[in-house]
Structures are given as structure tokens and as C-alpha cells.
Amino acid sequence: MNDDAEQQPLTRVPAYAQDQLAKSFVTALTHEEDGTRRRAEDRAHRWQRVLDGLAGGSLTVGSRTPVAGLPAWVTPEVVRGGFATGAASAGGPLQPYEEEAARLAGVAADRRALFVHALSEAGLADLWALLDNGRYEVAVPEEAALLTVAWLVRSGQLTEAADLVEVLEPFAGRLRFTPRPSAAPLPDASAVHRRTVADAGRTLARRRPHAAIEAQREALTVWQPFADELLVLWLETAEGEHVLARTPDKDWRERGTALLRRYRQLAAAHTHCRKHRSPKENLGILHRALAETVAGRPLSARRLGLLQHAVASMVRRRGVPGSEQHRALRGRQAAQGALPSHHALAQLVLRRLGALPQDIGAADVDALVVPVTEEEHRETGLPPGAPVPATIRRVVEAALSAPLGTLVERGVVPSAEVLAELVPQLVAATTAQAYPDEALRTLMATNYRAFRNRRSLLLLRLERQVRVEELPWVRAVSGQRGDEAAQEEAQSALRQLGELAVQGFPGTLLPNPLVRELGVLARQADLGAPMVEELAADIFMGTFSPKFLTAARIAGELLRGSIYERYYGIDYKALRDLAVVEAGEALTRSYRPRSSPRFAQLCLARAGSSGRSWVAANGQVIEQAQILTTHNLATLVRQVGIAPEPGWQDLAGRCFRTVCRLTAQVHHHPRPLATIKDAAYAWRQLVFFLSLCPPAEHSQLLDRLDEETARHPAHVAARLAPALAGLRLVTDGGSFADDGTALGGRARRFLGWSTGEHWLRGLPPTGQPATR
């Protein structure tokens, strides 16, 4: 590793912040949408605070206490990239609910006065009532602090309550420690939702009528019937194919005048379709000719020719108005035009959503997207039985509140990243089960959900993010936990979530937010199951925490002698011995080591040459760590005991479909390296699942992979041929050379990171299939 690599993240910080400030400033000045400009202006102010803090020394980049004067447990305001702005999320001006609380309590509208009032007899009584009825919200963890004090006082733990107040008091005037009142009690913690009812409502409210569809509807229901009336009038003057062969009489002119008046009224009322204004359209030709004729002006030869052609073409294409052909066509068009617009149906569903609690999900979304009822028809005029379109259904279904597995099955959770967003709701309920008292259990679950909204800081030198158990109010009630029951609950939830993630998204790397939640459950379950995060190559400083070596040792216990070990050229026995040596060295120290230097050296040696790009070189080292640890898959299988229902062969096949899909995106991609990296991660998980299959299934699975490539463009098979040849070679007992190739370069080990041109970008000259 380049010695300068450790300095790179820090030296780039001011430039990065200045770049973000400039982008926000430009958006705030130039964007056409008011809301976007306001949000960009807010971002610009926050980035300016970052730069001011860095210049003034009040901010320390890479530290878990980045803001001078604020302890680690205070939730910092964090912007993109993990930079603290210097402000506290629980700080700033008083919230409206705080102002109302001060008014009701008859105290000054400031936080210290509210803090003091909360500790009075009346204030504690109010907090106790909230604990009992559950009608409160916690947006940031600090808002749970005084509720915890109240619970401690009521349970007779006055010393713990006083100690907690002593910790909070120095910040009483600066941070909000009082909860937010809520009109509804807290939702059932066993169900989770991706969006709230209010979120779905806002999305539907933003829908606007589709201009092209509304123009088409107007053409079918207004202008085409009007054109028929004009055509009928002109046909009265025709003999054979010659229009105006008969001289219009007084009655004809009066009816023509009435039609011209109606045209002006229709044009003023119906503005979506503008084709009728075109002098080249049939309706425009008929209208202009009528206007000149009614005015008594003779038509020019050109105008008469256009009129003659328009009338003839309309009759030829649609038939004479009133004929069977014409009636059938207009009937179909009228039925199409009478269909309700998506905008109108969105407004109907929005009305249905308005009757539900807004701050939670909906337990029954099917009832919200049923066809238009008779009662709704009478109220809105929408045709009864009209179905709700799929685009609107998807918006509503995102607000479904149900067990997590149900959301995955119904497609509400489309990716591992979305799954990671929802997991904290479930983990909150699981962790809270350790508290026997119902009010405290509800409070701790609410506090956990708020804590998981805390944005991660940019940390260096193996610093770790603040954990929920470090919050003073959580520590104050830690003695209330029933550890044995908590371990069983956490173990069950960990296995459920692990299986759900692996089964639902087998070709995707477990995202860091999900890894953190699994880590919380693993610590509570006390299974010795280290969960390792994906490290960022641009801030990697060449070190790994000891849990990486532990995870690699667990992988070796599962995979020693497997296809995985042979494919990636790992000596898991030597790695186990390395772990034993390092563990012995750790016992001789008086402090717990924060890094695993032997594991870092092994990854560096396996990565090989660093090349020119220090980021890519870092990525190669990190990828080797992921290979050795299997990035949590072995830990989940061996320590947690996950056993996804479809079986390992099914998961391997789905991984390969992901590989093929990503490889297809490489074709003509100007910057495909991120896609290649993701394809290599999916490939690694394919090799892992293949290694867990019985030997009798190996050949069958490899044949399935060949069949899968045939379903994709030819360049996909050509690009993946070296990887498939390498996998078949290793499965048959062969091995790669030190450079990761075999069979004269026709077989290659598939890795994601590269400091040079990646072989997957180029097509083989002949596009040869995988070697058998």
C-alpha cells in the first residue's frame, strides 16, 4: 500500500466540500422548480458550515466526535459523504410542538425552561401519560431522553434518573429532550412499511393530467363529433363528389353561423387539443371554409380544392355520418374517450387514503385500489367498475404495512438496499422485546427507530459508528433487559433476516446498513457471528479490524477443501493458523488491538501490484478481504444457520442471471468498471453457493449456466467464456496459475477490481464459448 494513501482522504476533504457547495449554489440559482431551489440553498448553507468548521478547527474529520463540545451520543447533522456540519440534529430553533408545550405549561419558550418543567410534578405526570397511551413520536433519539427519566422515576430508580439528568443538563438549553405528541398511538411493531400513507398521498397529489392523453380524450369526445357536424353540413351542398355544387340557402347559413359560434365556445373551454386550429387538418379546413362562406365571401380555387379533398377523405376513411361503419367507429372512440383519466383515478384513491392514519403504513392496500364503486360513481361521476391503473396501484402498495417477508414476496421490496431501509423497524421491535415492561419496551423500540435514522459519519483509523447502547438513556435502563429471552428473540430474527436477504437478493452484496442491523442482532444473540462491512476504497487506510480475520476463519471452517477455496486460491488452513497466532499475540497485550495487521498483509499480498490508481489498488485489497471472509455469507450459514428454502443450486443459478444481466450492460458502456465490479461480486456469491451444493449437482448446475448464457446477446457469452471456463476447470479439479489464468489465457479467475484494463471489457476475437 502506498504510504501516501493514508493522507489522501484527509487532503481531499476541503476540495470535496467546496465542490459540493458550488453544485448546491448553482442549483439554488438556476433550477426552475422553487422547492428544489430552496433545498439546494439549505444544502449550500450546510456545506458552508462544514467549510467554516474545518477552517476554524471546530470540526474534526474522521472522528466519532467530530464537533467540538458535543459528546459522541449527540446526533450530529451530517451531509453527503459523512461530513458533520457542526450543528446537532436535535438543536436549532424551537419546534412548533415545543412552543405549544411551553404555552400549555406556562413557562418561557426556551428549551431549558421546558427541561426544568418536565422534571416537575406536573411535567412528570404529562410524561407518564404519554408512556401509558403511546401517543408520542421520537424523530431524533434525544427526544426519548426525558421519557426515560420519567420511566425511571415512576419505577423507583431515582439514582439512575438523577444520574441521567446530570448527563443531559449541560445540553438542556441547546437540545430538545422532550417527545413530540401524536394524535394516534404507535403502530404495531411486528409490521413494517416502506412508505407511510402520507407519503403515498403526496406522490398521488403530485400527479398531473397527462397532456397527450388529455388531448387525445378531448379529440375523441369534443372535436371529432364537432367535425362530424361540419361534415354533415357540407355534404348537404354536395352533388356526387363536388362540394358547393348546391348553393347554400338561408337555413344552411344560419346553422353554419350557429356551428361557428359553438366552435368559439368549445375552443375556449377545451384547450388540451390544438389540432383543430391547424389549417392543414380536415377540421381546420372545414371550419375556415364555413367561416368564409357564411360571411358571403367566395372560396378561392385553392380553398375549394382543400375543402373538396377534406370532405372526400373523411367520408372515405370513416363513412358518411350516420352510416353503420361510422356509428361503429364513433361508438368505439366514445367508449375510449369515456374512460377515466389516470389523474382522476389518482384523485379518487387519494380520497380513500385520506380516511386512514397518515403517519404509518396501510394494513390493507387491496381495499384502496378496488374498482370505482357505485357510491363513488355518484359522488365523482367516474364510471362504476373502472379499474385503478397499475401505476397508481404501485404507489399505494409501497405503503403496505405487513411482515417483511410479505413485502419481499409482493415486490414492495425490490432490492437489498430497500430491504436495508426497512430492517431497522423489525430490529427495533426485536431489541425492545428484551424489556419486560410494556411502556419501556415501546419507548426503546421508538428510540431505536429514530437512532437508525442517524446518518453515518465519515470515520477513519478503524473508528466505529456510535451504537445505540452508548446513548445515556439507553444505558440508564440497560439493567431492565432480560438477556436470555433477548438472545433467543435476536437469534430468531437474525436467522429470518439473513435468509430473507440471501434468498431474496442472492446476487447482491449485503449493503452496509443491512450489515449493521445484522450485527446488532448478532451481538444480542451472542453467536460469535462477526458481520463485516464493505469498506470504501477512496478512504481505505490499509487496515482491517480484528473481526475480519475472525470472519475469514469462520469461512475456512465452512469452506476448507471446497470449490470456493480452490477457485480463489485460498489456503484456509494457513489462515486458521494465522488467526491462532494473532489471537495469541493479542492475549499478551494489556489492551484490545484495534486492527489485524497480519490479515491486512495477507490481503495486500494477494492483491498484488498496486498500479497507478491508489483507489483501484485499495479496491483490490478490499476485494481480497471480501473473498477471504465471503462477505458474511459463511458467517450466516455456519454461525447463524440460515438455510434458504429454494436451495443452494437455485441461488447459484439466480446469481448467474445477475452476472449475465450486468455483463450485458458492459457492451458500449463508456464507464463500465462499477458494473464489472458488481458482476464480480455476484459471481463470487455464485461460487460460494455452488460450493455448498452436493458434488452430484455440480455438473448439472454448470450446464444450466451454459443454457442461461444462450438466452442473452452473443457478446455476453463471449465475455463470460473465460470465467465459465475457469469455473469448470476448478470444478473438475484444476487450478489457476499465479496470475489468475489457465488454459493459455482461455480460462480466467473473475475479479472485480483492476488497476489496468479489465479483460471483461474486451471481446475475444472469435467469441468462443466456454471451454468444457
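First, the ground rules. Residues are numbered from 1 along each chain as its sequence is written, and side-chain values use heavy atoms, with hydrogens and water left out. Because the model is predicted, local features need pLDDT of at least 70 and side-chain atom pairs count only at pLDDT 80 or more, while totals for chains, interfaces and linings use all residues.

I will start with the helices. Helices (H or I, at least four residues) and strands (E, at least two) are DSSP runs, numbered from the N terminus. Axes are lines fitted to C-alpha atoms, for helices over the stretch in contact, and angles run from 0 to 180 degrees between N-to-C directions. Angles under 35 degrees count as roughly parallel, over 145 as roughly antiparallel, 65 to 115 as roughly perpendicular and the rest as oblique.

Take helix H7, residues 145-154, and helix H8, residues 158-168. Their axes lie 8 Å apart at an angle of about 160°, which means H7 is roughly antiparallel to H8. This crossing is left-handed; the term applies if the near helix is turned anticlockwise from the far one by less than a right angle, and right-handed applies if clockwise. In contact, meaning heavy atoms within 4.5 Å, H7 brings Ala145, Thr148, Val149, Leu152 and Val153, and H8 brings Leu158, Glu160, Ala161, Leu164, Val165 and Leu168. That contact has nine nonpolar, one polar and one charged residues. For these classes, Ala, Val, Leu, Ile, Met, Phe, Trp, Tyr, Cys and Pro count as nonpolar, Asp, Glu, Lys and Arg as charged, and the others, Gly among them, as polar.

Next, H31 (673-692) and H33 (714-731). Their axes come within 13 Å and cross at roughly 20°, so the two helices are roughly parallel. H31 passes H33 in a right-handed crossing. Trp683, Leu686, Val687 and Leu690 of H31 meet Ala723, Leu724, Leu727 and Thr731 of H33. By class, seven of these residues are nonpolar, one is polar and none is charged.

Helices H27 (597-607) and H28 (614-629) have axes 8 Å apart and pack at about 110°, so H27 is roughly perpendicular to H28. The crossing is right-handed. Among the residues in contact are Phe599 and Leu602 of H27, and Val621 and Leu628 of H28.

On a 1 Å grid over the protein atoms alone, a cavity is a set of points where a 1.4 Å probe fits but cannot get out, and a pocket is an open set with protein on both sides within 12 Å along at least five of seven lines; lining residues have an atom within 4 Å of a point. Grid points are joined across faces, edges and corners, and a volume is the space filled by probe spheres set on the points.

H27 and H28 each supply at least two lining residues to the second largest pocket, and H28 gives the most, with four. The volume of this pocket is about 600 Å³. Of its 24 lining residues, Asp738, Asp739, Gly740, Arg749 and Leu751 lie nearest the centre. The lining divides into eight nonpolar, eight polar and eight charged.

How many cavities of 30 Å³ or more does the structure hold? There are four.
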